[in-house]
Amino acid sequence: MASRVVIAGKSLLTVELMAESLNREEGLDVMTVVSGYHKLIEAVERTDAAVALIDPDRVDGDCVTAASEIHKVRPACGVALTVDAPTRAFVDRALRAGVLSIVPKSAGLRRLIESVRGVASGQVIMDPRLLPAAGGQGGPLTDREADVLRLTASGASVKEMTGELYLSAGTIRNLASAAIKKLDARNRYDAVRIASERCWI
């Protein structure tokens with residue numbers, strides 16, 4: 001069954017292009033495109049959406065408030081944002097509101113599609129450049145555990161992490177398991193969310 005997606009943005013051209021691109025992907029189904037905050041909440045409820053994709057530079061109202069409202073009316077709906085130049089303060093607010101992915105517009109279409117897929121399955125998908133490089137500082141994580149969580153947030157596979165960190169797949173899995181245990185998380189994606197909210201990665 002395809003994951004239902006609702007897209008919100010005031011630039012009709014932009015959101016229609018995103019909708020067309022996502023609809024071409026197997027397993028994704030854009031249900032509707034809306035232009036305002038209240039219409040977005042209504043559309044999420046009406047379509048039983050799995051993902052709300054918001055362009056906060058153009059959507060009416062505050063996108064972080066919208067994310068919070070979506071989380072209240074439909075907790076199972078993940079929120080992804082596309083932004084030009086997110087600040088650390090913006091990222092912090094968005095994560096606290098339950099946003100699962102913030103995609104810089106410079107990242108390209110493929111990253112957006114990967115992010116929407118991840119959000120549809122409840123994963124935190126975040127460009128590691130948007131997260132502070134503070135592994136282990138003020139928290140229980142070691143530097144390597146924080147590295148694994150940061151790369152997990154970026155959507156990297158275990159194989160990709162082995163090349164990035166010069167560690168074996170087994171060691172990376174052990175580091176992920178240690179981080180999950182330390183943070184009392186359900187899985188490594190939940191560990192990313194917890195560590196991000198507490199600014200430990």
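**Close-up 1. The lining of the largest pocket divides into 12 nonpolar, 7 polar and 5 charged residues.** Here Ala, Val, Leu, Ile, Met, Phe, Trp, Tyr, Cys and Pro count as nonpolar, Asp, Glu, Lys and Arg as charged, and the others, Gly among them, as polar. This is a predicted model, in which local features need pLDDT of at least 70, side-chain atom pairs count only at pLDDT 80 or more, and totals for chains, interfaces and linings use all residues. Residues are numbered from 1 along each chain as its sequence is written, and side-chain values use heavy atoms, without hydrogens and water. A pocket is an open set of points on a 1 Å grid over the protein atoms alone, where a 1.4 Å probe fits, with protein on both sides within 12 Å along at least five of seven lines; lining residues have an atom within 4 Å of a point. Look for His-71, Gly-98, Leu-100, Gly-122 and Arg-193, which lie nearest the centre. Helix α9 gives the most to this lining, with 4 residues.

**Close-up 2. The second largest pocket holds about 190 Å³ of space.** That volume is the space filled by probe spheres set on the points, with grid points joined across faces, edges and corners. Among its lining residues you can find Thr-14, Asp-55 and Lys-105. The largest share of the lining, 4 residues, comes from α1.

**Close-up 3. Helices α7 (residues 158-165) and α8 (residues 169-182) cross at roughly 100°.** Helices are DSSP runs (H or I, at least four residues), numbered from the N terminus. Their axes, lines fitted to C-alpha atoms over the stretch in contact, with angles from 0 to 180 degrees between N-to-C directions, come within 9 Å.

Notes
Helix = DSSP H or I, 4+ residues; strand = E, 2+ residues; numbered from the N terminus.
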